[in-house]
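Trainee: I am new to this structure and would be grateful for a close look at one part, the interface of its two chains. Please take me through that part step by step.

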Amino acid sequence: MDIIVAKDVRKKFKLKHGQQVKNNGIVSNEIDALGGFDLNIKKGEFLVLVGPSGSGKSVFLDIVGGLSTPTSGVVYLDDKPVDAPSEKTGYVFQQYALFPWRTALSNIEFGLESRGVVKEERVKIARELLSLFGLSDFEDRYPYQLSGGMQQRVAIARALATKPEVLLMDEPFAALDAQTREILQNELIRIWEGTDTTVIFVTHSIDEAVFLADRVAVVTARPGKIKEIIEIDLPRPRHGDIRSCSAFAANRHKVWGALKAEVNKAQQDWKHAPVNSK
Amino acid sequence: MTISNKTKAFLGSSIVPLLLVIVWQYVASSGYVASFILPSPNQIIKTFVTNFVEKEYALHIAASLKRVLIGFLIGTVSGFSFGLLMGLSRTAEKIFGPFFNVIRQVPIIGFIPLIIMWFGVTELPRIIIITVAAFYPVTLNTFAGIRNVPKEYFELSSVYGYKGLKLIRRIVIPAALPSITTGITLALGMSWAMLMAAELFIQTYFGIGTRIQLGRDKFNMALVIVGIITVGALGFFMTTIVEQLAKALDRGKIIRKET
C-alpha cells in the first residue's frame, strides 16, 4: 500500500528582483525547482532521495510535510492531498533546530504538548526515547551542553515522540563528523527497524543512502524529477559491518552510476546559473 | 597563598581607578591647579559625606531614580510592543519602519526645545526624553531578535500546530530573548545618559542633575564630581541588576550555529 503518492509535482520559485537565470538558453526570473516529480512511497518503507545540489530534494520534502505548496501537481498522504502540515508527519532538520531554552527532555516533549498529552505521559515518552538513544543521563542538559551527535539524537527523538506515520529527514547527519555519522546511522536503522514508520530521507552521501534505504530514488539535476529508483537488496536487520561487504559495494556502484551524469550536469548548470543582471 | 580568580579580577579592575586617584591627589595638592577647578579627592570625600548626611540629597537621588525608572519602564514596554509588531508583521514594518529609522537618527537632545514648547518645564518632558531614549534600543533589538529566529522554528511550530499567541509566547519570544535583553540593558544605559540631559536642560529643583548644575553655578566642582560619581554608581548598580535578571531569564544560553 502506498502511503505517499506524488503526481507530477512542479515547483517554480520567483527570483528576487533583478536576479535572472538561464534555462536552456531562455533568460527568466523564475527558477524551476521541481519539474514533474512522480513518486510512490510504500507504507513503512525507508526511502532515500539522492541527487545533485539544487535538485529540489528538500523542496519535495517540504511539500510532503505541508510546509510548502506545489505550483502544480499534488502529493497525497493516506489518499488525502497535502495542503498543510499534518499531525502524521515528523520533521528532522540538518541544523537540529533544538530550542536552546529547553532541556533535552523538554525539547522532546515539545510536539506532545500541543497534542494535549498530559505532563506525566509526555515525560514518560520522552524518557523512553532518551534511553533508546542512550541519553538517559542527559535529560536535564540544555542543547549547548550536548555534542552535535547528541543534539541530533534529541531532535530525532523529538520527531519520533508524536509517533508520526511519516518521518521527513532533511540531510540530518550532514553537519556531523564521519564517525559520529556512522554511529547515528546505525542507531537510526536499529530504532527504525523496530517501528512501522515511513521515512523519507534526503542525503548527499551514497554510502548513507545504501546503508539506510529500502529504495534509493535518484533525482535529476534541476528541475528535479525522479530519474531512477534503485532497490537496495541488502538484508535486514542491518548492522554497521554490512558496509564492508561486496553486495554493499555493488549497490553503491548502481546508485553512483545513476547519479553521476546528473551531478555533472548540475555542475555545468552552475557555470551559467546565477546571473545577476544590473 | 593562593588567590582566587575573583579576587584577581577585582584587584585587576581596581588598578585604573587607584592610579587615577593617586595622580589626581598629587596634581590637586601640588598647587598647579586651583582647587575650584580640580578639587582633591579629599575634598570630594568631604563633600560626599556632607551631602549624604543631608536629608535633601536622598530626595535628589529619589527624584532622579523615579524619573529613570518610569521613563525606562514605559520606554521598554512600548519598545518591546512596537518591536514585536514590526518583527511579526512585514506590513507593519513597511508602514512604520522607514519613519522610525529616519526619526531615530535625530539625537533626542535635538527634540528638547520642541518638547519644552509643548509640555512646558514640567516633569512630563523629562520623562518623555528618557522614555524615548529607552524606546529605541528595545525596539531595534526586539525587532532584530524576532527576524533572526531560525526559520526551522517556525516550520516546527507549524508541524506541531503552534500558531497565534501560543506561537509568539512559546517560540518567538523565547527565541528572541537574548536579543531583547540586550536591548533592555542598552536602554537602561541610555536612560541614565538622557536623565542628565533631561535634568540639565529642563530645570527642576530635585535631581542629581540639578546638583551638578548647582555645583557649576557655584564654581563648586566637588559638588559636580560627587553628582557624577552618584550617577555612575547608581547606573552601574541598576545595570548589574538588569544583567543578572537577563542571565537568569536566558536559560540554556544561545549558541546558534550559522548555516
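Mentor: Glu113(A) forms a salt bridge with Arg170(B), and their closest N and O atoms are 2.4 Å apart; the term denotes a side-chain nitrogen of Lys or Arg within 4 Å of a carboxyl oxygen of Asp or Glu. Across the interface of chain B and chain A, the rule finds 1 salt bridge. The elements giving two or more residues to the side of chain B that touches chain A are helix H7 (151–159) and helix H8 (164–201) of chain B, where helices are DSSP runs (H or I) of at least four residues, numbered from the N terminus. H7(B) supplies the largest share of that side, 7 residues.

The model is predicted: local features need pLDDT of at least 70, side-chain atom pairs count only at pLDDT 80 or more, and totals for chains, interfaces and linings use all residues. Residues are numbered from 1 along each chain as its sequence is written, chains are lettered from A and ligands numbered from 1 in the order in which they are written, and side-chain values use heavy atoms, with hydrogens and water left out.

As for the extent of the interface, 21 residues of chain B are in contact (heavy atoms within 4.5 Å) with 25 residues of chain A. The area buried between the chains, that is, the accessible area (1.4 Å probe) that two parts lose on being put together, summed over both, is about 2,200 Å², and carbon and sulfur atoms give 65% of it. In chain B, Leu156(B), Val159(B) and Tyr160(B) lose the most area to chain A, together 30% of what that side buries.
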